[in-house]
Amino acid sequence: MHKHLIVVTGPSRSGKSEWAETLAIQSKKPVIYIATSQHDPTDEEWKMRIQKHQKRRPMDWKLLEIPIELTATLQKISCPNNCILVDSLGTWLANLLDQDEITWENTQKQLLQTLQEIPGNVILVAEETGWGVVPPYPVGRTFRDRLGALVRHLGAIANRVYLVTGGYVLNLTELGSPLKSE
């Protein structure tokens, strides 16, 4: 278990990013914010979402836009004096959906290993998927299954896991019992 790893998960528009930002502020450390989205200059709605996030963040936070090379970036910037906030793992994973199963398993394994070795605080935002209908198309099922498994693996090594839903924050680490990893 990594004593400074926090996972914040929840459905869309639940406030998980806001809670993760609150935790980063509470760390009282310089924050490095890693945004995993890719910019599409033609998508006005996406630009509005990004702007909303940007307005909420303190100006002194360092921003890194890392859509693919998350693990390598974490290895380079790890420092016990920083708080690293990654928003979000679902977007990062979506950027890697073209990886075959073996490549994805290696990517996931490298991320998990790196997260266990980082000496500083790391807060990860991850979407909850799979609470509804099984997607009728293969790439949707791949996304859902990979993200669900990744969040479960992260929960096994995290110090704290929060679920944000319905306008409430639940500390699953205090309220729940962990399952053994698959």
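This is a predicted model: local features need pLDDT of at least 70, side-chain atom pairs count only at pLDDT 80 or more; totals for chains, interfaces and linings use all residues.
Biologist: What makes α5 and α6 roughly parallel?

Modeller: Their axes, 11 Å apart, pack at an angle of about 25 degrees. That is under 35 degrees, so α5 counts as roughly parallel to α6. Here α5 spans residues 101-117 and α6 residues 138-157.

Biologist: Which residues make that contact?

Modeller: On the α5 side they are E101, W104, Q108, L111, L112, L115 and Q116; α6 brings T142, R146, A149, L150, H153, L154 and I157. Contact means heavy atoms within 4.5 Å. By class, the α5 and α6 contact has eight nonpolar, four polar and two charged residues.

Biologist: And how do you know how α3 runs relative to α5?

Modeller: The axes of α3 (residues 70-77) and α5 come within 9 Å and cross at roughly 20 degrees. That makes α3 roughly parallel to α5 too, although α3 passes α5 in a left-handed crossing. L70, T71, L74 and Q75 of α3 meet T107, Q110, L111, T114 and L115 of α5. The classes there are four nonpolar, five polar and no charged residues.

Biologist: Why is the link between E21 and R56 called a salt bridge?

Modeller: The rule asks for a side-chain nitrogen of Lys or Arg within 4 Å of a carboxyl oxygen of Asp or Glu. E21 and R56 meet at 2.7 Å, N to O, so the pair qualifies. E21 sits in α1 (residues 16-26) and R56 in α2 (residues 44-56), so to speak distant parts of the chain, 35 residues apart. By this rule there are five salt bridges.

Biologist: What makes β6 and β7 a pair?

Modeller: DSSP must find at least two bridges between two strands, and four join β6 (residues 158-165) to β7 (residues 168-171), which run antiparallel. L163, for one, has L170 as its bridge partner in β7. Two residues lie between the strands of this hairpin, and G166 takes a positive phi near 60 degrees.

Biologist: Which residue other than glycine has a positive phi?

Modeller: R13, with phi near 60 degrees; R13 is in the loop between β1 (2-10) and α1.

Biologist: Which residues does a cis peptide bond join?

Modeller: D87 and S88, with omega about 10 degrees. S88 lies in the loop between β4 (83-87) and α4 (89-95).

How values were computed:
Residues are numbered from 1 along each chain as its sequence is written. Side-chain values use heavy atoms; hydrogens and water are left out. Axes are lines fitted to C-alpha atoms, for helices over the stretch in contact, and angles run from 0 to 180 degrees between N-to-C directions. Angles under 35 degrees count as roughly parallel, over 145 as roughly antiparallel, 65 to 115 as roughly perpendicular and the rest as oblique. A crossing is left-handed if the near helix is turned anticlockwise from the far one by less than a right angle, and right-handed if clockwise. Ala, Val, Leu, Ile, Met, Phe, Trp, Tyr, Cys and Pro count as nonpolar, Asp, Glu, Lys and Arg as charged, and the others, Gly among them, as polar.
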